[in-house]
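Thanks for coming. Please have the sequence and the structure open.

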Amino acid sequence: MICRAEDARGPEDGASEAGYGSGAVQGRPPGPETAAVIEATARYLFQTYNRAPVAFSHGRGTRLWDLEGKPYLDFVGGIAVSSLGHGHPALVETIAAQAARYLHVSNLYHIPEQTDAAELLVEASGLERAFFCNSGTEANEGAIKLARKRARERKGPDAHEIVAAENGFHGRTLGALSATGVERYRAPFEPLPAGFRFIPYNDAEAAEAAVGPRTCAVIVEPIQGESGVIPATREFLHTLQRLCREHDALLVLDEIQTGVGRTGELFAFRHYGLEPDVVTLAKGLGGGVPVGAVLAREEAASHLVPGDHGTTFGGNPLACAAACVVLRTIIRPGFLAGVRAAGERLRTGLAGFVSHGVREVRGLGLLVGADLESEAAPVATRCLDGGLLVNAPRPHTLRLAPPLTVAPEEVDEALEILAEALKEAAAPDPR
Ligand SMILES: *Cc1c(COP(=O)(O)O)cnc(C)c1O
């Protein structure tokens, strides 16, 4: 379900809250154990997140239980991270066994778990090499450094420009932030690295005008996740690919949210028939264990040589052992068909709410956005009360990204809770 170009432009106001919810989710008064955690959060932590007033004790599959023992269906999935759900037996067993063997040795040595994960990613993606890191933003830093050094060596130091999309989200460290198309996120931290320019998402004409001999890379999400699940048009992405080839620039697809089965294909670029030069991954790759990766064609990867880039934790045996379990599970025959079926069921159900509180449904596989007629935060709050976790990346948009292992009955149950929440949100507040 790829929407038309005119629907698919990013929203103009740039009000994305990058997954932490626009407007706090309130919920019912918390129980004593949760209240103590909320108090400690307020007292000891940087106040960088809008958190819902809930804390969990454990999970199983798609379900989480809070400290008071109330169950929830997890349709946030830790922001598209918990790809195999909670307490997945193979993941738990592998992590425990790896912890018992050894946790860390550093990249001063060869790491079999790292080469296993790299082989799986290379085989699955058609790209030729992998570099492991610890998060999404760090994967994009690697891609930016790779693009800059490659262009310097092939085209000279002037070819340092990176073209990115308005309302795109690439992370919070300075390089990835420079490529993030939300002025509000960038402005407080200026001066940022120079050489980034922005074009409206899905505007092929603007792409033609922006990409040129000075371009070293274009970085773009196949679906803008944090901006409210907005899919790229085929024309836009293919135009970018052609322009990159014409100007010897790298097409960097940020698949940090869309990769590793989330959209019902191993990578979202498969839906579009693209051949990217670089793909960045994180979120779902470790099923909850922090791990990111940069995948690249051989020619591109060859420009980073010893001393150019590195990370102490990146490719750590624990993280890579977890990634191997996730990847081996997802490439099993039938798994992605299950993701596509569950996604279809979810979107069809949501489409049934159109004109009953839902305006538009977008997305692919199990990355789904629903634009609401009303504000999304009060609906997310009512879902929380009803035992369903969803988040609101934009003021009028709910995002649903449950574990890829979600059962059809769990999709139906979530839809029932959401229907009730939409009904209540349309009625006056009884509290
Ligand atoms: C989440 C996200 C990032 C940043 O990943 P972190 O692990 O939070 O640094 C970058 N790009 C996209 C598309 C994302 O969804």
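Thr280 sits in strand β11, which covers residues 278-281. This is a predicted model, so every value I give is computed. Is Thr280 buried or exposed? Its relative accessibility is 0%, and buried means under 20%, so Thr280 counts as buried. What does Thr280 touch, leaving aside its neighbours within four places in sequence? The contacts are Ala139, Asn140, Ala143, Val252, Leu253, Asp254, Glu255, Ile256 and Ala293.

Keep Asp254 from that list in mind, and turn to the ligand. There are 13 residues around the ligand, and those that come nearest are Gly136, Thr137, Asp254, Gln257 and Lys283. By type, the shell divides into two nonpolar, seven polar and four charged residues. Which helix gives the most to this shell? Helix α5, residues 136-155, does, with three residues.

Now some distances to the ligand. An N or O atom in the side chain of Asp254 is 2.7 Å from a nitrogen atom of the ligand. A nitrogen atom of the ligand also lies 3.1 Å from a backbone N or O atom of Phe169. For Lys283, a polar side-chain atom is 2.6 Å from an oxygen atom of the ligand. As for cover, the ligand taken alone exposes 380 Å², and the protein buries 83% of that.

Asp254 has another partner, His170. The side chains of His170 and Asp254 make a polar contact at 2.8 Å. His170 is in the loop between β5 and α6. With a relative accessibility of 3%, against the limit of 20%, His170 counts as buried. Beyond its neighbours within four places in sequence, His170 is in contact with Thr137, Asn140, Ala176, Ala179, Thr180, Ile219, Val220, Glu221 and Asp254.

Asn167 belongs to that loop too, which runs between β5 (161-165) and α6 (174-178). Asn167 has 8% relative accessibility and therefore counts as buried. Twelve residues along the chain from Asn167 is Ala179, and their C-alpha atoms are separated by 10.0 Å.

Next, the backbone, where a few residues deserve a look. The peptide bond between Glu190 and Pro191 is cis, with omega about 5 degrees. Pro191 lies in the loop between α7 (183-186) and β6 (196-199).

Then there are two valines. Val229 has a positive phi, near 60 degrees, and is not a glycine. Val229 is placed in the loop between β8 (223-224) and β9 (230-231), and it is buried, with a relative accessible area of 0%. Val260 likewise has a positive phi in a residue other than glycine, near 55 degrees. Where is Val260? Its loop runs between β10 (250-254) and α10 (269-272). The relative accessible area of Val260 is 3%, so this residue is buried.

On to helix α14, residues 376-386. After α14 comes Gly387, with a positive phi near 95 degrees.

Last, the cysteines. How many disulfides does the structure hold? The number is zero. The cut-off used here is 2.5 Å. Cys133 has 1% relative accessibility and so counts as buried. Cys216 is in no disulfide either, and its nearest cysteine sulfur, that of Cys244, is 9.7 Å away. Cys216 is also buried, with a relative accessible area of 1%.

To go back to one residue before we stop: Asp254 is among the residues that come nearest to the ligand, its side chain makes a polar contact with that of His170, and Asp254 is one of the contacts of Thr280. That is where I would start looking in the viewer. Questions, please.

How values were computed
Residues are numbered from 1 along each chain as its sequence is written. This is a predicted model: local features need pLDDT of at least 70, side-chain atom pairs count only at pLDDT 80 or more; totals for chains, interfaces and linings use all residues. Side-chain values use heavy atoms; hydrogens and water are left out. A residue is near a molecule or strand if one of its heavy atoms lies within 4 Å of it. A polar contact is a pair of N or O atoms within 3.5 Å; within protein, one must be able to donate a hydrogen and the other to accept it, and residues adjacent in sequence count only if both atoms are side-chain atoms. Accessible areas come from the Shrake-Rupley method with a 1.4 Å probe; for residues, only the protein chains shown count as cover. Helices (H or I, at least four residues) and strands (E, at least two) are DSSP runs, numbered from the N terminus. Ala, Val, Leu, Ile, Met, Phe, Trp, Tyr, Cys and Pro count as nonpolar, Asp, Glu, Lys and Arg as charged, and the others, Gly among them, as polar. Buried means under 20% relative accessible area, exposed over 50%, partly exposed in between (1.4 Å probe, protein chains only). Contact means heavy atoms within 4.5 Å.
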